[in-house]
Amino acid sequence: MMKPVRVADYAELARAALPARVWDYLDGGSGAEWTLRDNRAAFERITLRTRVLTDVATCDSRTTVLGAALAAPIGVAPMAYHRLAHDDGERATAAAAGAHGMLFVVSMFASASYADIANAATGPLWTQLYWLRDRAALLDVVRRAEDAGISALVLTVDAPRIARRPRDLRNAFTVPADVRAVNLDAPVMATSHVAEDGTSAIERHSRERFDPSLTWAELAWLRERSALPLALKGILTAEDAELAVAHGVDAIVVSNHGGRQLDGVPAAVDALPEVADQVAGRVPVLVDGGVRTGADVLKAVALGASAVLVGRPVLWGLAHAGAEGAADVLAILREELAEAMALTGRPTLADIDRSVLAVPRPRTR
Ligand SMILES: Cc1cc2nc3c(=O)[nH]c(=O)nc-3n(C[C@H](O)[C@H](O)[C@H](O)COP(=O)(O)O)c2cc1C
Ligand SMILES: CC(C)CC(=O)C(=O)O
């Protein structure tokens with residue numbers, strides 16, 4: 001292939017670079033992958049209204065989210081095991097995000113230590129958490145993150161268990177022995193590496209270790225033990241957004257886990273207005289799922305997002321060319337966002353409101 005010029009070009013490069021079962025784990029979703037497809041289709045249904053002659057000589061995409069100063073409202077979504085994509089793993093991702101003034105949300109299942117990631121980083125780092133049955137192990141991860149200077153916690157709430165993902169079931173997917181979630185103790189992680197026909201080790205492991213009995217009231221337990229800002233990731237309804245704000249959460253990430261949890265929930269960008277309208281600016285609202293172009297970022301901002309997170313494309317870039325590939329993916333998004341701002345006549349993020357959105361085309365599928 002010629003030099004990649006679109007984020008989507010990196011998908012094919014990554015597929016060619018990775019073993020099929022690893023590609024399937026990164027690329028795949030749950031069930032019939034309807035939600036996975038709709039994350040993209042929903043962005044493609046939204047058309048834009050351009051304004052002209054507004055002086056777009058300088059377009060400014062800078063913003064601040066939970067104290068993190070960003071060159072663009074873009075971050076890397078938390079994803080497990082970046083070393084599945086490239087040996088340099090999360091250290092490469094941190095360097096790439098930092099090079100573009102973007103946020104990196106480190107997964108609880110990162111395959112590099114918080115300290116090593118922080119050493120490679122030049123930009124803001126947050127970390128994602130799952131609520132473990134073993135509270136001591138959960139707290140241990142929080143302390144390691146705090147010690148490394150991580151500046152916010154993102155608790156994922158759409159995964160009381162990891163959903164059935166047909167590709168991983170067919171492949172009996174296990175995490176390779178040399179790729180480890182090093183911020184979690186080995187005994188906590190053991191079963192992620194154990195093969196068993198017709199099962200996914202990740203799904204099995206999550207059933208053993210994640211606590212599905214978590215409720216709103218228990219968030220206080222974490223708040224009492226860490227002073228870091230707390231975001232909830234995986235909110236899709238106004239009701240839960242209101243509960244989140246009522247429980248003092250500092251930010252919300254509208255997400256369907258990249259179509260990897262309940263198949264049949266709406267596209268993330270379709271759920272965004274409901275959440276953003278309910279929150280009404282009380283806390284920042286982020287969104288992830290299907291962001292592949294700068295225009296997608298602009299659409300999300302118009303619908304009320306303070307920032308977007310980008311998942312799979314960063315791993316595509318890593319798989320193809322390590323830190324350089326990941327950085328190029330982010331560079332393309334940043335350049336395309338600047339272009340979309342100029343060509344819609346919106347030179348600042350504050351200018352990007354719903355007036356930039358045309359009435360969505362009727363569905364043709
Ligand atoms: C390979 C992979 C691993 C992921 N691991 C995590 C994780 O550890 N924690 C989490 O909260 N979300 C995880 N996610 C979900 C992402 O944070 C994000 O919601 C999703 O990938 C965004 O959609 P996109 O890939 O279409 O950009 C993972 C997603 C992928 C593709
Ligand atoms: C290790 C897994 C729990 C990571 C995850 O959230 C995912 O694969 O979607």
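This briefing describes the fold, the ligand surroundings and several individual residues of one predicted protein chain with its ligands. Because the model is predicted, local features need a pLDDT of at least 70 and side-chain atom pairs count only at pLDDT 80 or more, while totals for chains, interfaces and linings use all residues. Residues are numbered from 1 along each chain as its sequence is written, and chains are lettered from A and ligands numbered from 1 in the order in which they are written.

**Confidence and overall fold**

- The average pLDDT of the chain is 96, and 98% of the residues score at least 70; pLDDT is the predictor's confidence in each residue, from 0 to 100.
- The model has an ipTM of 0.99 and a pTM of 0.98.
- The chain contains 14 helices and 10 strands; these are DSSP runs, with helices (H or I) of at least four residues and strands (E) of at least two, numbered from the N terminus.
- Along its principal axes, the C-alpha trace spans about 60 × 50 × 45 Å.
- Of the 365 residues, 52% count as buried. A residue is buried if 20 or more other C-beta atoms lie within 10 Å of its own, exposed if 12 or fewer, and partly exposed in between, with C-beta atoms placed from the backbone.
- Among contacts in the chain with a separation of 6 or more, 72% join residues 24 or more positions apart; two residues are in contact if their C-beta atoms, placed from the backbone, lie within 7 Å.

**Annotated residues**

- The unreviewed UniProt entry gives the annotation "active site" to His257. UniProt positions are in the numbering used here, feature names are shortened, and annotations may be inferred rather than shown by experiment.
- The UniProt feature "binding site", also from an unreviewed entry, is placed at Tyr25, Arg165, His257 and Arg260. These residues span 236 residues in sequence, yet no two of their C-alpha atoms are more than 13.2 Å apart, so they gather at one spot.
- Histidine 257 lies in the loop between strand 8 (251–254) and helix 12 (268–279), and it is buried because 24 other C-beta atoms lie within 10 Å.
- Apart from neighbours within four places in sequence, histidine 257 is in contact with Asp158, Ala159 and Gly234.
- Arginine 165 is located in the loop between strand 6 (153–156) and helix 7 (166–171), and it counts as buried because it has 25 C-beta neighbours inside 10 Å.
- Beyond neighbours within four places in sequence, the contacts of arginine 165 are Gly28, Gly29, Ser30, Ser200 and Arg260.

**Ligand surroundings**

- Around ligand 1 there are 22 residues, of which Ala77, Ser107, Thr156, Gly258 and Gly311 come nearest; a residue is near a molecule if its C-beta atom, placed from the backbone, lies within 6 Å of it.
- The shell around ligand 1 has 8 nonpolar, 10 polar and 4 charged residues. Ala, Val, Leu, Ile, Met, Phe, Trp, Tyr, Cys and Pro count as nonpolar, Asp, Glu, Lys and Arg as charged, and the others, Gly among them, as polar.
- Ligand 2 is surrounded by Ala80, Phe109, Ile162, Ile202, Ser206, His257 and Arg260.
- In the shell around ligand 2, 4 residues are nonpolar, 2 polar and 1 charged.

**Other individual residues**

- Arginine 312 belongs to helix 14 (residues 312–344) and is buried, with 23 other C-beta atoms within 10 Å.
- Although arginine 312 and alanine 11 are 301 residues apart in sequence, their C-alpha atoms are 8.6 Å apart in space.
- Leaving out neighbours within four places in sequence, arginine 312 is in contact with Leu26, Asp27 and Gly258.
- Most residues other than glycine have a negative phi.
- Aspartate 55 has a positive phi, near 60°; this residue lies in the loop between helix 3 (34–45) and strand 1 (63–65) and is exposed, with 7 other C-beta atoms within 10 Å.
- Alanine 172 also has a positive phi, near 45°; this residue is in the loop between helix 7 and helix 8 (186–189) and counts as partly exposed, with 14 C-beta neighbours inside 10 Å.
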